[in-house]
Each structure stands twice: as structure tokens, then as C-alpha cells.
Amino acid sequence: MPNTTILRAEGLSKQFYGFAAVQNVNLQVNEGTIHALVGPNGAGKTTCFNLLSKFITPTSGEVYFQNQPITHLQPADIARLGMVRSFQISATFSQMTLLENVRVGLQRQAGLATQFWRSTRALDRLNDEAMQFLELVGLASQARRAAASLPYGHKRALELATTLAMNPKLMLLDEPTQGLGHEDVQQVTELIRRVARGRTVLMVEHNMSVISSICDRVTVMQRGQVLAEGSYDEVSRNPEVIAAYMGEAEEELAL
Ligand SMILES: Nc1ncnc2c1ncn2[C@@H]1O[C@H](COP(=O)(O)OP(=O)(O)OP(=O)(O)O)[C@@H](O)[C@H]1O
């Protein structure tokens, strides 16, 4: 199958008070892949991710989604195009049930986000669909539970279900396994693999065993620039990448 680019950055740069956090980054994410953005601390991953997901505006450069320039669109507009950044735990509605949380994702997707006044019966029609997403992430049996009472790992699964409810073509995940214990890391990794079928995923991730097990392509950043790109095997053998991680994460690369 030929590679189709779903997301492309050209000459992306971001300066903070004269400091170049991201410098002239060119990046392509191919449709149907799981793509990781990695690099040592302070490499510019988060800034780059925020630029790509339109949380911040670049100093220069362009971002294209499905060949359409999106550099000057708002995150809500790009979400409607099919590029959705995962809801963070802080964005889950803790007093609402899991089902209600996923329903909010469905409402956003349908452009009903502000219509909380809609009749309960009208919203109930969304329940069947919401349940399907909860099933996909293994939370269907807890649908009526309050989100606040979920263990941390399950909250991450709920975030994924809510994100999926927005029907993303491209999902942007910001450190999806951060703060999870070993078992939860494995479960969330499997979950990402499962929900990535038929979609594209771009994620910032530190955990090299997660990256090696599910990512098709890895972009390594250092000092605001792209240092290397390729499969995990390729980049993890690259002497420049190894040198960049020296003293910080040698043990992570030595798998
Ligand atoms: N809002 C900001 N104002 C000033 N400097 C910033 C800002 N955001 C990031 N930086 C700087 O830009 C550089 C890159 O930061 P960024 O958070 O993108 O790196 P990172 O690779 O995500 O690092 P980490 O893995 O530690 O999260 C750092 O030196 C950081 O201090």
C-alpha cells in the first residue's frame, strides 16, 4: 500500500522570548501508522506536539492535515476535520458517569457540545453508541460508575473512549502511559494498538518498550530539531540518537 501522508509539518519553528524551542522541523505522519515523537528532556517534543495539535501557534512554518493548511485553525476546527487530541484526565468530568463522559465526546462530534439542555431522552439515543466505545476499551461493565471513582489506568482508557467518540482519523496522544504502573502500561499499550486499527496515531512517549512494541515510525528530537527518523530498530541503533540519550536514558534504549 502506498504511503499517504495524513499530517505534514514544514519548517515548523517556535521561539519563546528569543529561545528556539522548535527549529525548522519537517515531519510527515503516514496514514494508518502509529508514530512516536521522542527525545531527551527539553528536546522540544511537547512544544512540537502543541504546535501540531494547534494548542500553540508557530513563529513560522506550516502544518497540513490531509493536504489542507491548518496552521491558522483553532483546535475545535481541526477536531471537526478528524484530528483529535486526546482528552487529558483533567478534562474528564469526574462527577459524571463513564457513559455520560463518552456521550460528551459524541455531542462534540455532532456539534451539540453546548446543548446540555437537550432532553434526557434525546441524549439517551447516544447511549448505544457510547456503550460501543466503552466496550472497545473494556469499560462497558462500569458504564454507570462515576468517572472520579475509576483507578488511574482506567481513566486513561476512558480518555481514549471519549476521544474515539469524536471519530478521529488522527489521534494525538500526549504521553499516554505517563504515571502508570507496569501492568497498566501494558494494558494501555494494548489498548492503543487496538484503537489504532483503521486510524492514525501520533504520540509523545518516553517509554521505549511501549514505542518498540507498537510504533511503526519514530521521530527523535534534540535541541528543537529532528535528529533522526525511522523504525524503532533503526533509530535505536543510530549513534547520534544513542549519544543524545547518553547519561539520561541509556538503560531505556538498551532493550
Ligand atoms: N512556554 C514556554 N516559555 C519558555 N520556554 C519554553 C516554553 N515551553 C517550553 N520551553 C522551553 O523549550 C524547550 C523545549 O521544551 P519542551 O517542553 O517542548 O521539551 P520536551 O522535549 O517536551 O521535554 P520533556 O521531555 O522534559 O517534557 C525547553 O528548554 C523549555 O524550557
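How many helices and strands does the secondary structure of the protein chain come to? In this predicted model, the count for the protein chain is 11 helices and 10 strands. Of the 255 residues in the chain, 41% are buried, and among contacts between residues at least 6 apart in sequence, 67% join residues at least 24 apart.

**Domains and their contact**

- The domain assignment divides the protein chain into domain 1, which is made of residues 1-82 together with 168-255, and domain 2, which covers residues 92-167.
- Where the two domains touch, domain 1 contributes 12 residues and domain 2 contributes 11 residues.
- On the side of domain 1 that touches domain 2, helix H7 (residues 182-195) gives the most, with 5 residues, and by class that side consists of 8 nonpolar, 3 polar and 1 charged residues.

- Strand E7 (residues 170-174) runs parallel to strand E8 and is joined to it by 5 bridges, with Leu173 having Met203 in E8 as its bridge partner.
- Strand E3 (residues 34-38) is likewise parallel to strand E9 (residues 217-222), to which 4 bridges join it, and in this pair His35 stands opposite Arg217 of E9.
- Strand E9 also pairs with strand E10 (residues 225-230), here in the antiparallel sense and over 5 bridges, and Gln222 stands opposite Gln225 in E10.
- The hairpin of E9 and E10 has 2 residues between the strands, and in this hairpin Arg223 takes a positive phi near 45°.

**The sheet of 4 strands**

- A further open sheet has 4 strands in the order E2-E1-E4-E5, and its pairing is antiparallel.
- The edges of this sheet are held by strand E2 and strand E5 (68-69), each of which has a single partner strand, so one side of each is left without a neighbour in the sheet.
- Strand E1 (residues 5-16) and strand E4 (residues 60-65) run antiparallel and are joined by 5 bridges, and the bridge partner of Ala9 in E4 is Val63.
- Helix H1 packs on this sheet, where it touches E1, E2 and E4, and the direction of H1 makes about 120° with that of E1.

**Helix H1**

- Of the 8 residues of H1, 7 are buried, so the helix is largely enclosed by the rest of the structure.
- The buried residues of H1 are Lys45, Thr47, Cys48, Phe49, Asn50, Leu51 and Leu52.
- Just after H1, Lys54 takes a positive phi of about 70°.

**Around the ligand**

- The residues that surround the ligand are Phe16, Phe19, Ala21, Gly39, Asn41, Gly42, Ala43, Gly44, Lys45, Thr46 and Thr47.
- Strand E2 (19-30) and helix H1 (45-52) are the elements that give two or more residues to this shell, and H1 gives the most, with 3 residues.
- Divided by class, the shell around the ligand has 4 nonpolar, 6 polar and 1 charged residues.
- Lys45 and Thr47 belong both to the shell around the ligand and to the buried residues of H1.

**His206 and its loop**

- His206 lies in the loop between strand E8 (200-204) and helix H8 (208-214).
- Since 17 other C-beta atoms lie within 10 Å, His206 is partly exposed, a class that falls between the 20 or more of a buried residue and the 12 or fewer of an exposed one.
- Although His206 and Gly39 are 167 residues apart in sequence, they are 7.8 Å apart in space, C-alpha to C-alpha, and Gly39 is one of the residues that surround the ligand.

Conventions. Residues numbered from 1 in each chain as written. Predicted model: local features only at pLDDT ≥ 70, side-chain atom pairs only at ≥ 80, totals over all residues. Near = placed C-beta within 6 Å. Nonpolar A, V, L, I, M, F, W, Y, C, P; charged D, E, K, R; others polar. Domains from an automatic or database assignment. Contact = placed C-beta atoms within 7 Å. Pairing = 2+ DSSP bridges. Axes fitted to C-alpha atoms, helices over the stretch in contact; angles between N-to-C directions.
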